[in-house]
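Colleague: Please take a close look at one part of this model, the helix packing and the pocket beside it. Keep it brisk.

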Amino acid sequence: MASWFYASEGKQQGPFPEGQFRDLIAQGVVRPDTLVWTEGMAGWQKAAEIPGLVGGGAPPMIPAGGPPTMGGRGNGGAAGGSLSVDFGILEFTWRSIVMLIGMCFVIPAPWVFVWYTKWIVPCVKVPGRPNLSFTGNAMALVPWFFGFIVLAIAIGFIGSQLLSNLLFLVQIVLYWLLIKWIVANLASNGQPLGLSFTGSVWAYVGWDLLFAISIITIIGWAWVAAAQMRWFCRSIEGTRQTELAPRGSL
């Protein structure tokens, strides 16, 4: 007999036998927009997208082979396969230019950055994580961003080399906080994924300094950049199957 799981506030609930799962649907605990999964499915899907699951009758039995791979944008389903990015080159170009201009004007930088991130994140297709989105708000960046600008101006007036070096470290720490903020605000089908970036700030500072030094070797920077990216990916927690994907769903 099939066992079912459902997602609530970004966390996996279950497994539930078919009978108990049917009761949860009848009680309204599992709604049409709730993400559900059972063995044989390629990834999480909204309950309403599975024929016969919501609206009467017992939950359907899914063949062990799972549903066919679904492609394209906006289908709302979760497909198996590899990570991919889908955007038009012209759209990518003009949006990148707009973001660069916004950064140059400084003041609109937080809003332009969030606008760009909200566009680029849904372009990333992650197996088992349908309709990826970014839920961050630009106002969360404003105090940090303008606080750093004021600090930089003040240190510029003082003219201290030591403070300038410390400002560089402060900038790296702020980038680290930005990464944590971005990862924490990723969602799938409108539900937070509950991801977190666990890399320490000192490790991040060390990687950045090592990368800066590796630039001198001309070629060596590529190896350092690749190693840093692997460290970055290993430091994101919440993508394991125990977080939102039962065994065999990914």
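Modeller: The axes of α5 and helix α6 (residues 201-214) come within 10 Å and cross at roughly 120 degrees. Axes here are lines fitted to C-alpha atoms, for helices over the stretch in contact, with angles from 0 to 180 degrees between N-to-C directions. Helices are DSSP runs (H or I, at least four residues), numbered from the N terminus. The model is predicted: local features need pLDDT of at least 70, side-chain atom pairs count only at pLDDT 80 or more, and totals for chains, interfaces and linings use all residues. Residues are numbered from 1 along each chain as its sequence is written, and side-chain values use heavy atoms, without hydrogens and water.

α5 passes α6 in a right-handed crossing (the near helix is turned clockwise from the far one by less than a right angle). On the α5 side, the contact (heavy atoms within 4.5 Å) is made by Phe 168, Leu 169, Ile 172, Val 173, Tyr 175, Trp 176 and Ile 179. α6 brings Val 201, Tyr 204, Val 205, Asp 208 and Leu 209. By class, that is 11 nonpolar, no polar and one charged. Ala, Val, Leu, Ile, Met, Phe, Trp, Tyr, Cys and Pro count as nonpolar, Asp, Glu, Lys and Arg as charged, and the others, Gly among them, as polar.

Now the other partner of α5. Helix α4 (residues 142-158) and α5 (residues 161-184) have axes that come within 10 Å and cross at roughly 170 degrees. That makes α4 roughly antiparallel to α5 (over 145 degrees). The contact residues of α4 include Trp 144, Phe 148 and Leu 151. Those of α5 include Leu 167, Val 170 and Leu 174. This contact has 11 nonpolar, two polar and no charged residues.

α4 also packs on helix α3 (residues 109-120), at about 135 degrees, with the axes 9 Å apart. The crossing of α3 and α4 is right-handed. Ala 109, Pro 110 and Trp 111 of α3 meet Val 142, Phe 145 and Phe 146 of α4. The six are nonpolar, with no polar and no charged residues.

Of its 16 lining residues, the closest to its centre are Leu 141, Phe 145, Leu 174, Tyr 175 and Leu 178. α3, α4 and α5 each supply at least two lining residues. α5 gives the most, with six. The lining has 15 nonpolar, one polar and no charged residues. A pocket is an open set of points on a 1 Å grid over the protein atoms alone, where a 1.4 Å probe fits, with protein on both sides within 12 Å along at least five of seven lines; lining residues have an atom within 4 Å of a point.

Definitions and conventions
Angles under 35 degrees count as roughly parallel, over 145 as roughly antiparallel, 65 to 115 as roughly perpendicular and the rest as oblique.
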